[in-house]
Amino acid sequence: MSTEVPARTQAKAASTSRHQMPGRESADRKQVTQGRWASVLLAPTLILLAVVIIYPVVNAIIMSFQKDAGLDTATGFFVQGGAAGFDNYAHWIAQQCNGVACPPGTLGSQFWGAMSTTFFFAIVTVALETVLGFWMAIIMARTFRGRSIVRAAVLVPWAIPTAVTAKLWFFIFAFEGIANKLFGQQILWTGSEWPARWAIIISDVWKTTPFMALLILAGLQLIPDEVYEAAKVDGASAWQRFTQITLPLVRPALMVAILFRMLDALRMFDLPYIMTQGGNNTTTLSILVVDQIRQGFNSAAALSTITFLVIFIVAFIFVRFLGANAVGAATSSGKK
Amino acid sequence: MSAATATATRTAEIPVRHKKYDWGMTRTYIAAAVILIWCLAPFYWMVVTAFRDVGYTFDPTFFFTHVTWDNFATVFDERLGNHFARNLLNSVIVAGITTIVALVVGVFAAYALARLNFRFKFAVMGFILGASMFPGVALVTPLFQLFTSIGWMGTYQALIIPSISFTLPLTVYTLTSFFREMPWELEESARIDGCTQGQAFRKVILPLAAPATFTTAILAFISAWNEFLIASQLSSDATKTVTVAIASFAGSQPHVEPYTAVMAAGTIVTIPLVILVLVFQRKIVAGLTAGAVK
Amino acid sequence: MRNTFSKYAAPLATASVLALALSACGGGSSSGGGGGGDAGSQNLDGRGPITYVQGKDNSNVVRPLVDKWNAAHPNEQVTFKEQSDQADQQHDDLVQHFQAQDANYDVVDVDVIWTAEFAAKGWLQPLKDKLSFDTSAMLPATVKTATYNGTLYAAPQTSDGGLLYYRKDLVPNPPKTWDEMMSMCSIAKQNNISCYAGQFAQYEGLTVNAAEAINTWGGKIVDDSGKAVVNSPESKAGLGKLVDAFKSGNIAQQAITYQEEQSRQAFENGQLLFLRNWPYVYNLAKTDGSSKVKDTFGIAPLPGKSGPGASSLGGHNVAMSVYSKHKATALDFMKFMTSAETEKFYATQGSLAPVLSNLYSDADLTAKLPYLPTLLTSIQNAVPRPVTPFYPAVTKAVEDNAYAALKGDKSVDQALSDMQSALQAAGAK
């Protein structure tokens with residue numbers, strides 16, 4: 001049996017240390033063949049991503065070091081801006097417009113505000129979606145009559161195209177809209193900061209909780225019933241079963257769901273754009289990018305790159321400190 | 001815990017459990033009702049608006065009033081330049097091919113990431129994740145120029161290939177996380193029973209992976225179905241998808257927001273999708289319990 | 001695990017090298033070529049099939065017109081490319097195709113506010129010399145929106161101006177001036193409805209409304225040379241009137257969320273005494289099933305300082321791409337699309353206001369669109385929104401600061417001085 005170590009254990013051993021133990025040639029050789037296999041299996045994914053994502057990303061990064069076209073006042077035509085160095089980046093981060101602080105009413109003045117708004121939305125929506133999604137998943141995992149109806153209904157918010165969703169909620173949250181009518185309120189949902197933010201959060205949570213719920217549900221379904229039965233036999237309370245069985249076993253799926261929701265939420269665009277056009281401090285980084293594209297692509301490319309770096313750091317912290325096993329070959333703390 | 005006490009607990013549990021059982025079911029049904037209301041109430045309002053006479057667009061009456069099919073007729077009215085049937089077909093083609101390709105390619109990648117041991121695994125995972133970190137809006141202009149220069153504008157591949165790439169990171173990650181949780185020992189034992197690696201994968205692992213794969217497919221399909229950014233700028237009249245078509249609906253005059261038509265179109269694209277999932281879901285779950293390896 | 005970060009970075013770096021190589025071959029990634037290069041002097045005599053690009057054909061007027069043209073010009077067929085109904089998307093679509101120097105976007109419909117930007121980018125064919133276009137019969141304000149740096153770059157096609165809708169059952173004679181209107185607000189109070197509303201949500205419509213207030217009191221946003229001149233006593237008076245009306249409740253608080261449609265809804269529900277909106281409201285308020293004011297509203301020119309107010313101008317121009325291969329055909333088609341006959345068709349079938357002044361007294365048209373004479377007054381007194389290549393930045397400067405003033409977050413002085421700085425930052429960049 002010593003040569004037939006289960007691959008699972010082996011992978012675990014290899015990746016936790018990440019350094020191959022000297023003197024285990026068979027493992028090394030095995031890794032080489034597996035490496036070849038892996039490159040074949042991964043090639044299509046990597047090529048597709050390289051062409052459609054990495055090419056434009058790198059193109060944008062290059063453009064971000066060029067000045068935007070400026071107006072030649074003599075001719076009235078735009079002329080190419082030339083090399084910009086880090087000016088476009090400084091413009092955003094230092095909020096400098098031509099050497100002075102960007103005045104209110106410019107995109108430059110909104111950078112840090114947009115940054116905090118984006119984080120605020122991302123943290124609040126993802127937190128709410130995780131809790132709600134988990135709860136929905138647990139309910140849907142139970143056996144009861146009409147379960148499939150609930151599962152289908154949960155898909156509804158997510159299946160409606162975002163553009164329609166945004167219009168729908170804009171319509172619902174109008175001053176004379178159904179939300180105010182139904183609850184007898186006179187709230188100016190899109191007329192001031194906090195109502196506008198909550199309107200956006202409610203719409204986003206409504207729309208994307210199903211995504212969370214479905215992913216978590218799929219994770220839950222991988223847990224064999226026997227595990228719960230055994231725990232019950234051992235006298236574990238519902239809460240203990242949740243924290244000691246459900247949570248650890250569903251963790252990989254949960255982490256993937258949270259990670260991807262986080263990446264999406266940090267790039268949130270459609271809902272706030274259609275509902276408030278970024279007014280009342282609801283401008284997210286992506287909205288700022290879109291507005292800037294209409295004023296000059298190169299500055300927008302710099303802003304996109306900054307956004308990319310910010311998200312990269314968030315994802316890195318997330319993967320590194322919170323959910324290494326969502327990504328990592330590090331451990332498989334899953335089932336034993 | 002001695003065997004005696006274990007038996008005691010079990011026997012003691014039976015009456016208690018019976019009582020608890022009902023309570024639990026009631027709670028489950030209440031929870032299910034809450035979920036239904038939360039998910040469907042805004043949808044209900046969408047349907048009400050979709051069936052409402054355009055002259056009463058802003059009427060906030062909660063029930064169906066001034067019911068008409070006109071909005072649905074508008075959606076399909078070719079004289080108004082709406083080719084919604086065509087758009088639906090395009091969306092099915094784009095989202096369908098995207099899902100299939102993303103799933104196949106993603107299963108390969110996920111299998112490698114979950115099962116094989118190779119160098120740079122972490123880097124590859126990082127690279128794939130990195131692909132969903134750039135603001136999508138900033139990708140459109142370079143892609144537009146790339147596709148223009150190779151003559152792909154307005155073709156299906158110009159919509160499908162970006163769509164696959166947007167879907168792939170999630171697909172790969174989800175599948176990898178699920179694959180890692182699979183009882184691969186079963187594959188080993190199947191191979192001891194004389195299966196090849198391929199057979200072992202197909203006959204043992206695939207059925208087990210079905211719910212996860214199905215979930216991933218739904219997620220991929222819906223995200224491809226909802227894709228708007230790329231399609232709005234890279235499609236032509238012939239390849240326009242439903243999301244683009246909906247955004248281009250117009251009111252009877254400038255400034256008029258075509259709410260009722262948009263809601264009708266939203267209803268049309270949502271309901272078949274949900275029914276499709278409902279049907280498939282039953283099939284998959286049924287197939288799974290039948291073929292389960294225990 | 002310390003080196004994880006570099007593990008991430010390595011493939012990205014590799015990919016960037018790959019993309020560098022790719023982008024070197026890709027070409028065409030430059031934005032905004034100066035003056036369109038030589039394209040502006042080529043294909044001036046070209047004839048052949050062309051494409052006409054326009055936003056969604058709301059009321060099915062463009063298709064019959066194109067059919068009519070095609071029947072008469074078998075060798076110069078026009079293909080109609082229909083864009084989205086959303087202005088932003090139309091704009092972005094045009095930009096993408098111009099940047100790619102697409103020869104298939106021959107004749108394009110451009111919003112009045114984009115014309116200067118596209119002209120300055122060198123994407124629009126100047127309408128002079130061989131391709132000169134006669135605008136003498138057109139309303140001067142509309143021609144102004146199509147003119148950049150003294151050169152005509154587009155032909156006005158349809159126009160739009162603000163009107164005052166009022167409840168004639170409550171106010172027999174419409175107010176002529178703003179102050180008069182404000183004094184009538186007691187009538188609204190007696191009837192327990194709001195007095196006045198326009199479009200004050202933070203979007204393009206607010207720029208329209210704020211510019212109207214500023215222009216009506218003699219202020220300007222940018223002058224003819226493109227310099228920001230908004231920080232003036234006149235602007236302060238104008239913007240101040242709106243702010244005061246909000247403070248006194250003559251404009252209800254909810255108007256801060258109004259776009260065109262929400263304000264129309266409030267008026268049709270009978271909750272508003274006065275409404276500033278575009279002509280489109282006229283037919284809908286008369287015919288909408290839910291309208292409670294079908295027979296009880298009238299229209300008047302916008303009230304001003306001492307006479308009619310200065311409306312902002314809506315509408316669209318039609319322009320020719322410098323990259324078109326068939327510019328002679330394109331010019332003929334532009335003439336066709338702005339001819340009296342076409343304009344009449346637009347007005348009767350699509351309720352789109354003509355740009356030819358004599359049509360406003362045409363009996364057929366006024367019978368069908370009774371608001372035309374009033375609209376003529378509005379357009380004759382209209383001031384176009386700033387004709388500037390930096391329009392997106394300019395409108396943002398106006399919108400954001402006017403919004404803050406209307407909400408009372410900023411004094412009018414502060415708002416105008418910020419607006420001035422923001423306009424300068426926009427233009428100088």
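The interface between chain A and chain B was examined first. In the predicted model, 91 residues of chain A are in contact with 89 residues of chain B. On the side of chain A that touches chain B, the most is given by helix H2 (residues 25-63) of chain A, which supplies 18 residues. By class, the residues of this side of chain A comprise 65 nonpolar, 18 polar and eight charged.

Chain C was then considered in terms of its domains. The domain assignment places residues 39-159 + 314-380 of chain C in domain 1 and residues 161-312 + 387-428 in domain 2. The centres of these two domains of chain C, taken over C-alpha atoms, are separated by 28 Å. Domain 1 of chain C brings 18 residues to the contact, and domain 2 of chain C brings 18 residues. On the side of domain 1 that touches domain 2, the elements giving two or more residues are helix H4 (115-120), helix H5 (140-145) and helix H15 (372-380) of chain C. H15(C) gives the most to this side, with five residues. Nine nonpolar, seven polar and two charged residues make up the side of domain 1 of chain C that touches domain 2 of chain C.

Within chain A, helix H6 (residues 162-172) is largely enclosed by the rest of the structure, because 11 of its 11 residues are buried. Among the buried residues of H6(A) are A:Leu168, A:Trp169, A:Phe170, A:Phe171 and A:Ile172. The buried residues of H6(A) also include A:Lys167, A:Thr162 and A:Thr165.

Conventions
Residues numbered from 1 in each chain as written. Chains lettered and ligands numbered in written order. Predicted model: local features only at pLDDT ≥ 70, side-chain atom pairs only at ≥ 80, totals over all residues. Contact = placed C-beta atoms within 7 Å. Helix = DSSP H or I, 4+ residues; strand = E, 2+ residues; numbered from the N terminus. Nonpolar A, V, L, I, M, F, W, Y, C, P; charged D, E, K, R; others polar. Domains from an automatic or database assignment. Buried ≥ 20, exposed ≤ 12 C-beta atoms within 10 Å, placed from the backbone.
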